[in-house]
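Hi everyone, thanks for coming. I'd like to walk you through one model today, so please have a look at the screen.

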Amino acid sequence: MNLFDTTQLVLERAMSGATLRHSALAANLANANTPGYRPIDVDFHGVLRDALERGPAAVERAPLAPAVQSTAIMRADGNGVDVDVTAAEIAENGLELSAITKVAGARLDILRLAIGVR
């Protein structure tokens, strides 16, 4: 019997994915004026959704990695970063990471309470 259930595992992997996505989006913003730069992103939602269909072991092994955005619209200099869109994505991702962290923390608090540790 595992101490942590699938939900806790998914929350932990989602935190890792959101953190990795935040770094990828920050790299995009940092390279907004680099000619030829192709923006990257991390689709941790899709990866975790697919892994959940295969079971908890697949969630643990789910590959969370940045990938080049093939749908990015390129400017004349070959750069595909839209600063406004990227800034909004960073804000949205930050809110999501905060929510995931709060839920995971609350679940751990419940477990601590259940075993009498505070």
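Let me start with a term: a nonpolar core is a set of buried Ala, Val, Leu, Ile, Met, Phe, Trp, Tyr and Cys residues joined through side-chain atoms within 4.5 Å. Buried means under 20% relative accessible area, exposed over 50%, and partly exposed in between, with a 1.4 Å probe and protein chains only.

A word on where this comes from. This is a predicted model, where local features need pLDDT of at least 70, side-chain atom pairs count only at pLDDT 80 or more, and totals for chains, interfaces and linings use all residues. Residues are numbered from 1 along each chain as its sequence is written, and side-chain values use heavy atoms, leaving out hydrogens and water.

Now, which residues touch the most other members of the largest nonpolar core? Of its 16 residues, they are A14, F44, L48, A51 and V59. The elements giving two or more residues to this core are α1, α2, α3 and α4, and α1 gives the most, with six residues. Helices here are DSSP runs of H or I, at least four residues, and strands are runs of E, at least two, numbered from the N terminus.

Take L48: leaving aside residues up to four places away in sequence, L48 touches V10, R13, A14, V59 and A62, with contact meaning heavy atoms within 4.5 Å.

On to α1. Its buried residues, including L9, G17 and N28, pack against β1 (40–41), α2 (44–54), α3 (56–61) and α4 (83–115).

Finally, E92 lies in helix α4 and is exposed, with a relative accessible area of 52%.
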